[in-house]
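The report below describes the fold with the sequence and structure placed alongside.

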Amino acid sequence: MDPIVRIREYQKDRVNFVLENVDLAFANSLRRVMMADLPTIAIDLVEIEANTTVLPDEFISHRLGMVPLVSTNCDAAMRYTRDCNCLENCAFCSIVLSLNVSCNDSVTMDVTSNHLEIQPHPNEGTEEAGEERVRRTENFGNPVGKDESGDPILICKIRKGQELRLRCIAKKGIAKEHAKWSPCSAVAFEYDPHNKLRHTSYWFETDEKSEWPLGENAREEEPPREDEPFDFNAKPNKFYFDVETDGSLGAQEVVMKGIAELQKKLASLVLALRRVRNGENEMDMPSGGDPTFIDQPAGGSGGEGGWGSGTASGWGNASSGASGGSGSTSWSGGASPSRGSGGNAAWGTSPGNANAWSSPANAGWGSPSAQANGWNV
């Protein structure tokens with residue numbers, strides 16, 4: 001059956017949906033991708049010019065880094081700094097924000113995210129051409145909720161005579177590098193609300209049902225009967241998600257791009273496995289077309305076996321007591337140099353024989369032949 005997605009509630013920064021007809025590994029992978037693999041922008045460098053507040057520079061820098069910035073279409077509207085051609089940072093891989101606040105009144109003043117202002121990049125117009133900037137929205141890079149109804153994010157409080165003047169550089173990243181780049185504030189994930197599969201054990205004092213009340217997701221499934229036998233082969237196929245974002249990305253964008261990112265990761269894995277199977281990856285497959293790891297015959301039947309014990313086995317020994325075999329042995333097993341093992345012997349064979357780690361015929365991993373060397377090409 002095809003996967004089914006049923007949206008139960010949708011808001012600007014929150015979506016609640018049910019995912020059916022998938023396994024637990026896929027559902028959990030989607031949750032992890034949404035939390036840690038979607039790119040956003042966040043303040044990464046803070047240059048403090050003046051700080052007479054009661055908070056130290058490091059504390060203010062950390063709070064600024066956790067301020068969510070509008071990152072709509074960030075994957076196409078901004079470059080990673082490591083992929084940019086600029087020497088330090090430019091208008092294509094960074095956004096400059098400034099904060100200049102001073103208190104002249106006798107009342108306490110709140111310094112919030114609304115005081116952050118985007119400034120023109122100092123190198124604007126001198127960098128190479130690119131299409132990233134035309135793909136940005138109008139408020140791209142601004143703090144979430146700036147000049148909108150609602151409470152802004154508090155950075156610090158200052159009194160009369162105190163000031164805070166600094167310059168921030170925001171960059172693109174993912175939450176695997178730092179949590180400030182995560183677009184999600186919380187991702188609730190539940191399956192098997194009635195615990196039919198016994199995936200968890202409840203600790204209770206007197207009554208399990210009263211001390212562990214069922215949630216709203218339990219209404220989606222039928223409760224188990226008292227006399228119902230336990231199914232050891234049952235697997236969960238219905239998963240309940242509640243995705244809440246911090247506003248840098250919309251809820252719909254988080255889910256859709258999470259699915260696209262997971263699809264890209266799986267496609268990359270499939271492509272890499274196909275290349276290894278076809279012998280195209282020289283770093284993982286022996287050169288010369290030896291099928292050492294893929295589609296090997298059973299050991300002991302001659303030929304060029306892999307992981308076995310045939311007359312020409314890889315990672316193993318040749319046939320017991322073999323002398324002068326013509327196969328391909330590895331890891332110094334099998335025919336010794338005194339017996340004159342030929343073919344493609346490696347790691348312990350005589351210098352005159354073709355060595356799988358140094359000979360041009362089977363070059364790879366530091367061999368003199370640059371064309372067949374997976375590290376030096």
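## Helices, sheet and cores

Helix α5 has 27 residues and reaches 39 Å from its first C-alpha to its last, close to the 39 Å expected at 1.5 Å a residue. The model is a predicted one, and that applies to every value given here. The buried residues of α5 are Ala-251, Glu-253, Val-254, Val-255, Gly-258, Glu-261, Leu-262 and Val-276, and what covers them includes the strands β1 (4-10), β2 (14-20), β9 and β10 together with helix α1 (24-36). Just after α5, Gly-279 adopts a positive phi of about 75 degrees.

Helix α1 can be described in the like terms. Its buried residues are Ala-27, Leu-30, Arg-31, Val-33, Met-34 and Ala-36, and these pack against β2, β9, β10 and, in turn, α5.

| Helix | Residues | First to last C-alpha | Expected at 1.5 Å a residue |
|---|---|---|---|
| α1 | 13 residues | 18 Å | 18 Å |
| α5 | 27 residues | 39 Å | 39 Å |

A sheet comes next. Strands of a sheet pair through backbone hydrogen bonds, either parallel or antiparallel. Here four strands form an open sheet in the order β3-β8-β4-β6, and their pairing is antiparallel. The edge strands are β3 and β6 (117-119), each of which pairs on one side only, while the twist averages 30 degrees from one strand to the next. Strands β4 and β6 pair in the antiparallel sense over three bridges, and Val-96 stands opposite Gln-119 in β6. Helix α2 packs on the sheet, where it touches β3 and β8, and its direction makes about 150 degrees with that of β3.

Which residues have the most contacts inside the largest nonpolar core? They are Ile-43, Leu-64, Leu-99, Val-111, Leu-166 and Cys-168, in a core of 25 residues. The elements that give two or more residues to this core are β3 (40-51), α2 (57-65), α3 (74-77), β4 (95-102), β7 (154-158) and β8 (163-173). Leaving aside its neighbours within four places in sequence, Val-111 is in contact with Leu-99, Val-101, Ile-153, Leu-154, Ile-155, Cys-156, Ile-158 and Leu-164. Apart from this core lies another, of 20 residues, among them Val-22, Tyr-191, Phe-241 and Leu-262; Leu-262 is also one of the buried residues of α5.

Two single residues complete the description. Ser-248 lies in the loop between β10 (238-245) and α5 (251-277). Is Ser-248 buried or exposed? Ser-248 counts as buried because its relative accessibility is 3%, which falls under the 20% cut-off. The side chain of Ser-248 is joined to that of Asp-246 by a polar contact of 2.7 Å. Not counting residues up to four places away in sequence, Ser-248 touches Thr-40, Leu-69, Val-70, Ser-71, Thr-72, Val-144 and Pro-183.

Ala-186, by contrast, lies in strand β9 (residues 184-191) and counts as partly exposed because its relative accessibility is 37%. Not counting residues up to four places away in sequence, Ala-186 touches Asp-242, Val-243 and Glu-244. The C-alpha atoms of Ala-186 and Thr-245 are separated by 6.9 Å, although the two residues are 59 residues apart along the chain.

Definitions and conventions
Residues numbered from 1 in each chain as written. Predicted model: local features only at pLDDT ≥ 70, side-chain atom pairs only at ≥ 80, totals over all residues. Heavy atoms only, no water. Buried < 20%, exposed > 50% of the residue type's maximum accessible area, 1.4 Å probe, protein only. Contact = heavy atoms within 4.5 Å. Polar contact = N/O pair within 3.5 Å; in protein donor to acceptor, adjacent residues only side chain to side chain. Expected span 1.5 Å × (residues − 1). Core = buried A, V, L, I, M, F, W, Y, C linked by side-chain atoms within 4.5 Å. Pairing = 2+ DSSP bridges. Axes fitted to C-alpha atoms, helices over the stretch in contact; angles between N-to-C directions.
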